[in-house]
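Subject: Structure handover, with notes on salt bridges

Dear colleague,

I am passing on the structure below, and I would be grateful if you could look through it alongside the notes that come after it.

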Amino acid sequence: MDPIGHKLCDLQGRLFVNSLAAGFESEQFVRLFMRSKVAKTLDSKYNRLQWAGEEYMMDALQAEKELRKDGRYYKKERLYWMGYVYRYWNLHTGESSLKILRTAPVRKLHKNYKKLHDKELEEVIAYFKG
């Protein structure tokens, strides 16, 4: 993957972590993000959000979706990893965020963090595609 791809993965990872600072319930935040127009825009080959930063993306998501501030909160390192994995998956396979979410639901990705976080990302994708 090229350096811009890795930056996009990092951007999405930081966005997921920033959901904690904003107080958003983790599972719902990730699920709504992956189904959002913001994620769909990031799925395209080129878009302005790639350069806007995670704060702008958070604002755009809040304008689009109603996010809960109660519930279960995931740890920062898990949220970052999940954000990175989901964006890497999109860039590696070309699959949409929505399709990826259907293949690797939030709760299942979170549940398998300990088993998968130190694996190559292609292995993580293969695990869910089974």
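What follows is a short account of the salt bridges.

Please keep in mind that this is a predicted model, in which local features need pLDDT of at least 70 and side-chain atom pairs count only at pLDDT 80 or more, while totals for chains, interfaces and linings use all residues. Residues are numbered from 1 along each chain as its sequence is written, and side-chain values use heavy atoms, with hydrogens and water left out.

Taking a salt bridge as a side-chain nitrogen of Lys or Arg within 4 Å of a carboxyl oxygen of Asp or Glu, the count comes to eight.

One of them joins Asp10 to Arg14, with the closest N and O atoms 2.1 Å apart; the two residues lie four apart in helix α1 (residues 3-21), and are therefore separated by about one helical turn. Helices here are DSSP runs (H or I, at least four residues), numbered from the N terminus.

Glu27 also forms a salt bridge, with Arg107, at 3.1 Å between the closest N and O atoms, and this pair links distant parts of the chain, since Glu27 is in helix α2 (residues 26-34) and Arg107 in helix α8 (residues 106-111), 80 residues apart. Glu27 counts as buried at 15% relative accessibility, whereas Arg107, at 55%, counts as exposed (buried means under 20% relative accessible area, exposed over 50%, and partly exposed in between, with a 1.4 Å probe and protein chains only).

With kind regards
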